[in-house]
Amino acid sequence: KILSQLQTTVSKLRLKGVALCAIHEFINKQEPISPLVITEDLRLLLPKYNIEIELSPQKKALYFLFLNHPEGIVLQHLENYHKELLNYYKQTNGGELTFKMYEGIKKLETYGNNQINVVITRIKEAFCSKFDEHLACNYLIRGEKGEPYKISLDRELVKWEE
């Protein structure tokens, strides 16, 4: 019933000329954005939502790479970040890096084989399985083909524990 009332209200606002983006902006301001806390043992926590996002070491390494580049990364140029990505992978995997893991990173960096899109989708699923996609979008790696992909979360909300 409440959703029906909300739909009626939104329809009335639209008829009065209020743009849908203005309605979205108003709603967005009502929803608190949780800081993203990365613990000393590299767990991803969203304390305002009381949620932990669980990712495999490879997915976590890729996520940390994008967190470290707020300007974004063009997926076709991911290989330019090879050393940094390997370093994150070593950290998330306890310092070990097997040949299979190294090959996994190389496959991830090879543009055109779709592996990067698969991993980005799996990261999205990890966030969206925990809470609404509308809120999750602040934490996701997103972008358009040929343009930089990035995480839109304000870096002031990213807290690295030591």
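Contact here means heavy atoms within 4.5 Å.

**Figure 1. Overview of the protein.** The model is predicted. Among contacts between residues at least 6 apart in sequence, 54% join residues at least 24 apart. The secondary structure comprises seven helices and seven strands. Read from the N terminus, the order of elements is α-α-β-β-β-α-β-α-α-α-α-β-β-β. Along the principal axes, the C-alpha atoms fill a box of roughly 60 × 35 × 25 Å. The protein has 162 residues, and 35% of them count as buried.

**Figure 2. Close-up of helices α4 and α5.** Two packed helices are described by the angle between their axes and the distance between the axes. Helix α4 spans residues 82-92, and helix α5 spans residues 99-109. Their axes come within 11 Å. The crossing angle is roughly 135 degrees. Angles of 65 to 115 degrees count as roughly perpendicular and those over 145 as roughly antiparallel. α4 and α5 are therefore oblique to each other. The crossing of α4 past α5 is right-handed. On the α4 side, the contact is made by His82, Leu85, Leu86 and Tyr89. α5 contributes Met101, Tyr102, Ile105, Lys106, Leu108 and Glu109.

Figure 3. Relative accessibility is 43% for Asn114. Partly exposed residues lie between the 20% limit for buried and the 50% limit for exposed, so Asn114 counts as partly exposed.

**Figure 4. Close-up of helix α6.** Helix α6 runs over residues 115-128 and has 14 residues. From first C-alpha to last, α6 reaches 20 Å. That is close to the 20 Å expected at 1.5 Å a residue. Buried residues in α6 are Ile116, Val119, Ile120, Ile123, Ala126 and Phe127. They lie on the same side of α6, because they cover an arc of only 115 degrees around the axis.

Figure 5. Asn50 is not a glycine, yet it has a positive phi of about 55 degrees. The relative accessible area of Asn50 is 74%. Exposed means over 50%, so Asn50 is exposed.

Definitions and conventions:
Residues are numbered from 1 along each chain as its sequence is written. This is a predicted model: local features need pLDDT of at least 70, side-chain atom pairs count only at pLDDT 80 or more; totals for chains, interfaces and linings use all residues. Side-chain values use heavy atoms; hydrogens and water are left out. Helices (H or I, at least four residues) and strands (E, at least two) are DSSP runs, numbered from the N terminus. The expected span of a helix is 1.5 Å times one less than its number of residues. Buried means under 20% relative accessible area, exposed over 50%, partly exposed in between (1.4 Å probe, protein chains only). The arc is that of the directions from the helix axis to the C-beta atoms. Axes are lines fitted to C-alpha atoms, for helices over the stretch in contact, and angles run from 0 to 180 degrees between N-to-C directions. Angles under 35 degrees count as roughly parallel, over 145 as roughly antiparallel, 65 to 115 as roughly perpendicular and the rest as oblique. A crossing is left-handed if the near helix is turned anticlockwise from the far one by less than a right angle, and right-handed if clockwise.
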